[in-house]
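Open the model in your viewer and keep the selection panel at hand.

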Amino acid sequence: MSQSPKSSIKEKPPLIWLNIFIFTSSLALALIAAPWYAFNYGFGGEHFVWLLICFSFCSLSITAGYHRLWSHKAYQAHWSLRFIFAIGGAFALQNSILHWSSDHRVHHKHVDNNDKDPYSAKRGFWFSHIGWMIRDYHGDAYDNYSNCRDLQKDKIVLWQHKYYGALALLMNVGFPILLGIIHGDVIGMFLMIGAVRLVLNHHTTFFINSLAHIWGTQPYTDKNTARDSATLAFFTFGEGYHNYHHIFENDYRNGIEWWHYDPTKWLIKSCSWLGLTGQLRKAPQLKIEKAKAAMSLRNAQKAIETWPNKQDINTKLQHEFEVLMSSMNDYYELKKQLLESKKDDMVKKYEYSVLTLRYKDIKKNLAQQTSAWNYMLMSVTKKARAH
Ligand SMILES: [Zn+2]
Ligand SMILES: [Zn+2]
């Protein structure tokens, strides 16, 4: 169900009736038939438990599997986990791993480019949410997977791509019916697991392409429309930290702080303790801190744009920023040295303690620089508000 748009084409591309049928029929069943059924026959606890299980299974297969594992290679996974994600992805009905990843890699490479980004947010909410899938925007490139040659070496990816239609039907129709037979309510389970779950899975994922490029903050970069939103992260298993993700796309985390709600990150990390995942990639902390500081400098510069003495303040800001950068460089360099010397038994105790002392010193220096920088930013923002 994924296409690539060509906005330069004047005439609208033809509609894709299969996708329109899937989106509208599941929505009608979820919004009309399910409430009607609930009113007349009622749903039991088992319906809601299965809804939560299936919704989470599908969501995590997309976020941990399709997105962070296959599209971004943010970690490696055991074949058994890849198999589970492949089944969950077909259940989520978002096309095959190969197709999804290919579209997603183009999205990152050409983000916000209306001609190349398959779901460019610059074309508006509707287009980036669902519009891109209801017309045949792809041209001749629909099955061009040349940007996913690495994935074509994964037998599970190829197998899922080949049998995607059958797997999708089995999971979306067969499985809910099976649950219905087990619990003695085929229609109720079909409505809940077939329709309500599918609509929730679809639209929460689609929000990453639409809302995550409209709503929220830009703490790391404003070079693209991607945004961080804790609210969105809650509904999307952590994918709402999309501003961070667009700048450090190979990081297995999207929410990097420990308090960030990112169950996908927790799942990947927990699986590493069981030996099911490995080679978890993280962006270097120095790069993250630098991106954040550079972004706050840009914001401060924007805030003083109209001030008569902006030249002076800008010089001060720039100076303070450079001091902060060099202090950051020193700190992370020494931290690295300290870690390396810890591993090296040959390093004498004396050398190690000298290094530790310097490290403490530089750490203190960085803390002072950071608070001086924050103070400066605060006073600029305060004055900007008063202006
Ligand atoms: Zn994006
Ligand atoms: Zn991504």
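At what angle do helix α1 and helix α8 pack, and how far apart are their axes? In this predicted model, select residues 17-40 for α1 and residues 186-209 for α8: the two helices pack at an angle of about 140 degrees, and their axes are 9 Å apart. Angles over 145 degrees would count as roughly antiparallel, and α1 and α8 are therefore oblique to each other.

Next, show the side chains where the two helices touch. From α1, select S26, L27, L29, A30, A33, A34 and Y37, which meet I187, G188, L191, M192, A195, V196, L198 and V199 of α8. Coloured by residue class, this contact of α1 with α8 comprises 13 nonpolar residues, 2 polar ones and no charged ones.

Now turn to the annotated spans. An unreviewed UniProt entry lists residues 15-36, 48-67 and 163-182 under "transmembrane region". Select residues 15-36, where the chain is 91% helix and 0% strand, with the end C-alpha atoms 31 Å apart. Then move to residues 163-182, a span that is 95% helix and 0% strand and whose end C-alpha atoms lie 26 Å apart.

For the last stop, select residues 50-269, which the unreviewed UniProt entry annotates as "domain: Fatty acid desaturase". Here the span is 59% helix and 1% strand, and its end C-alpha atoms lie 25 Å apart.

Notes
Residues are numbered from 1 along each chain as its sequence is written. Chains are lettered from A and ligands numbered from 1 in the order in which they are written. This is a predicted model: local features need pLDDT of at least 70, side-chain atom pairs count only at pLDDT 80 or more; totals for chains, interfaces and linings use all residues. UniProt positions are given in the numbering used here, feature names are shortened, and annotations may be inferred rather than shown by experiment. Helices (H or I, at least four residues) and strands (E, at least two) are DSSP runs, numbered from the N terminus. Axes are lines fitted to C-alpha atoms, for helices over the stretch in contact, and angles run from 0 to 180 degrees between N-to-C directions. Angles under 35 degrees count as roughly parallel, over 145 as roughly antiparallel, 65 to 115 as roughly perpendicular and the rest as oblique. Two residues are in contact if their C-beta atoms, placed from the backbone, lie within 7 Å. Ala, Val, Leu, Ile, Met, Phe, Trp, Tyr, Cys and Pro count as nonpolar, Asp, Glu, Lys and Arg as charged, and the others, Gly among them, as polar.
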